[in-house]
Amino acid sequence: MTAVGPYSPWRRAGDFVIISGQLGVTPGTSEFVGPTAAEQLRQALQNSKAVLAEGGATPDQVVKGTLF
């Protein structure tokens, strides 16, 4: 997953994988998937899942998430 901004999508800290904020954009672009919050949230969660996988983690290992 390529970062939209100048930050690392994920980093490992010991046993933890810390991921940066994910947007509801289509991977590889900076275009939002749709106009609704529901569409964008679904895509943001998919993007989070992909970033977690890059770090060797899965969604069922997540201990905390914050939604803005």
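**Definitions set against values in a predicted model**

User: S8 lies in the segment before β1. Why is S8 called partly exposed?

Analyst: The model is predicted, so local features require pLDDT of at least 70 and side-chain atom pairs pLDDT 80 or more, while totals for chains, interfaces and linings use all residues. Residues are numbered from 1 along each chain as its sequence is written, and side-chain values use heavy atoms, without hydrogens or water. S8 has a relative accessibility of 30%. Buried means under 20% relative accessible area and exposed means over 50%, with partly exposed in between (1.4 Å probe, protein chains only). S8 therefore counts as partly exposed.

User: What makes Q43 buried?

Analyst: The relative accessible area of Q43 is 18%, and Q43 is therefore buried. Q43 belongs to helix α1; helices (H or I, at least four residues) and strands (E, at least two) are DSSP runs numbered from the N terminus. Not counting residues up to four places away in sequence, Q43 touches L23, G24, V25, P27 and V33, where contact means heavy atoms within 4.5 Å.

User: Why is A44 called buried?

Analyst: A44 has a relative accessible area of 11%, and therefore counts as buried. A44 is also part of helix α1. Leaving aside neighbours within four places in sequence, A44 is in contact with Q22, L23 and G24.

User: Which residues of α1 are buried, and what covers them?

Analyst: The buried residues of α1 are Q43, A44, N47, S48, V51 and L52. Their cover includes β1 (10-13) and β2.

User: How do you know whether the radius of gyration of the protein chain agrees with that of a compact globule?

Analyst: The radius of gyration is taken over C-alpha atoms, and the globule rule is 2.2 Å times the number of residues to the power 0.38. For 68 residues the rule gives a value near 11 Å; the protein chain has 12 Å, which agrees. The C-alpha trace spans about 40 × 25 × 20 Å along its principal axes. The protein chain follows the pattern β-β-α along the sequence, and 21% of its 68 residues count as buried.

User: What makes a set of grid points a pocket, and what volume has the largest pocket?

Analyst: On a 1 Å grid over the protein atoms alone, a cavity is a set of points where a 1.4 Å probe fits but cannot get out, whereas a pocket is an open set with protein on both sides within 12 Å along at least five of seven lines. Points are joined across faces, edges and corners, and a volume is the space filled by probe spheres set on them. The largest pocket has a volume of about 1000 Å³.

User: Which residues lie nearest the centre of the largest pocket?

Analyst: Lining residues have an atom within 4 Å of a point. The largest pocket has 32 of them, and I19, S48, K64, G65 and T66 lie nearest its centre. α1 gives the most to this lining, with 8 residues.
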